[in-house]
Amino acid sequence: MPDQARTARDMKEREAAVAVPHAAPESAEFPQKIIAITSGKGGVGKSNIAVNLGVSLTRFGHRVLLVDADMGLANLDMLLGLTPKYNLYHVLSGKKRIEDVIISGPSGIKLLPTSSNGLLSPDMTNEKRAEIVRRIRGFSDIADTVFVDTGGGITDNILEFLLLADEVILVTTPEPTSIMDSYGIIRVLAREKENSRVRLLINMAEDQADAQHVSATMKMITKQFFNVTFDELGWIGYDTHVSKAVRQQQPFVLLYPSSRASRAVTRVAMKMANYEVDIVTEPGLAGLVRRMISFLK
Ligand SMILES: Nc1ncnc2c1ncn2[C@@H]1O[C@H](COP(=O)(O)OP(=O)(O)OP(=O)(O)O)[C@@H](O)[C@H]1O
Ligand SMILES: [Mg+2]
C-alpha cells in the first residue's frame, strides 16, 4: 500500500477511536479474578492478548492488572511502551514492595513487570509464586481482573501459575501443532487440579469457519476430561495491524480501534464483562455495552 494511502487509513482508524468510550464507569465493582493466559506452543499471541484484552476490559469498567510472569523474557512493558524502573526481581529480593513496582499504562491499565535479564528464573520457587499471587489477591482495590501472562509450554513456573489462578485462558492458533500442545495443557490441568476452568481463545484464525473448526476439534479431543470446565471465549483473526502496533509499542485496540483484531478483542472483552455485569441493573454499563455493540456491527 502506498505510504500516503496507509497514513490516510491509519488516521481514519485513529479517528474511529473517538467512537469507542474510553472512560470506565465509576460505579463498577467486580469480584477479583486471577486469570492465567497460557498456551501449549509459544508465539501464539498471549502477550498481545493480555495487553489488548486488558485495555479493552478497562472500557467496561474493569480495573486490570497485568502480571508479566514470563520470567526472563519480559515484554509486556514493551508492548505498552513503558520502561519500568523496578520489577518482580526487586520484590523477590526484598528491595521493593509489590505496590511500589506496579506502574500505570494506557487507559489506566496496571503492570507488574518482570525482570528481562533472566535473573528471576533460578530464584523462583513455588512458595514465592504462591506468595506473589497471595499478595496480589490483597490488592482488590488496584485490580478486579488480573491477567497473568505466562510463557508457552508446561514448565514448573507456568504450571504453578495455572494452578494458582481462578481460571485459565488457553490461546490456540489453527495450526495442528498448537492444537495438540493445547490438548497437552488441558491434560496436565485435568490431572493436577480439580475443577479447572479453561476458556479457549483462538488467535490468528483465517475466518469464522476456521475458528469453528479449531473449536470443534478442541471440544472433541478434550471431552474425556470431565473435571475441566471448558468453554469458548471467542476468536481473533489474523491481522497485520497487530505487528504494526507492536512495532509502535502501543496496544492495537488504541492505535487501530476499527481493525479486525481490535473488533474481535472488543467482542471477547464484552463476553468477559457480560459474565460479571448485570446490564439490566447497571444503567451506566448497559448504555456503554449498547454503544459497544453498535460499534461492532
Ligand atoms: N491476531 C494476530 N494477527 C497477526 N499477528 C499476530 C496476531 N496475534 C499475535 N500476532 C503476532 O504473533 C507474534 C507473537 O505474539 P506474542 O508475543 O503476543 O505471542 P506469545 O504467545 O506471547 O509469545 P511467547 O510464547 O514467546 O511469549 C507477534 O509477532 C505478534 O505480532
Ligand atoms: Mg509472550
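**Close-up 1. Strands β6 and β7 pair side by side in this predicted model.** Strand β6 (residues 167-172) and β7 run parallel and share five bridges. Two strands count as paired if DSSP finds at least two bridges between them. Helices (H or I, at least four residues) and strands (E, at least two) are DSSP runs, numbered from the N terminus. V168 has V198 of β7 as its bridge partner. Right-handed means that, with the strands pointing away from the viewer, the path from the first strand over the helix to the second runs clockwise.

Residues are numbered from 1 along each chain as its sequence is written, while chains are lettered from A and ligands numbered from 1 in the order in which they are written. Because the model is predicted, local features need pLDDT of at least 70 and side-chain atom pairs count only at pLDDT 80 or more, whereas totals for chains, interfaces and linings use all residues.

**Close-up 2. β7 also pairs with β8.** Strand β8 (residues 228-237) lies parallel to β7, with eight bridges between them. I202 stands opposite W235 in β8. Helix α10 (residues 208-222) belongs to a right-handed β-α-β unit with β7 and β8. Is β7 enclosed or open? Nine of its ten residues are buried, so β7 is largely enclosed by the rest of the structure. A residue is buried if 20 or more other C-beta atoms lie within 10 Å of its own, exposed if 12 or fewer, and partly exposed in between; C-beta atoms are placed from the backbone.

**Close-up 3. Eight strands form an open sheet.** Their order is β3-β4-β2-β5-β1-β6-β7-β8, and the pairing is mixed. At the edges stand β3 (103-104) and β8, each pairing on one side only. Strand β2 (residues 64-68) runs parallel to β5, and five bridges join them. V67 stands opposite V148 in β5.

**Close-up 4. Ligand 1 sits in a shell of 20 residues.** The closest are G42, G45, K46, S47 and N48. A residue is near a molecule or strand if its C-beta atom, placed from the backbone, lies within 6 Å of it. Which elements each supply at least two residues of the shell? They are α2 (46-58), β5 (145-152), β7 (196-205) and α11 (240-247). The shell divides into seven nonpolar, ten polar and three charged residues. Here Ala, Val, Leu, Ile, Met, Phe, Trp, Tyr, Cys and Pro count as nonpolar, Asp, Glu, Lys and Arg as charged, and the others, Gly among them, as polar.

**Close-up 5. Helix α2 is mostly covered.** Of its 13 residues, 13 are buried. From first C-alpha to last, α2 reaches 18 Å, close to the 18 Å expected at 1.5 Å a residue. The expected span is 1.5 Å times one less than the number of residues.

**Close-up 6. Helix α8 (residues 156-164) has buried residues.** They are N157, I158, L159, E160, F161 and L162. What covers them includes β1 (33-39), α7 (126-137), β5, β6 and α9. Contact means C-beta atoms, placed from the backbone, within 7 Å.

**Close-up 7. S107 and Q249 have positive phi.** Most residues other than glycine have a negative phi. S107, in the loop between β3 and β4 (110-112), has a phi of about 60°. Q249, in the loop between α11 and α12 (252-255), has a phi near 55°.

Notes:
Two residues are in contact if their C-beta atoms, placed from the backbone, lie within 7 Å.
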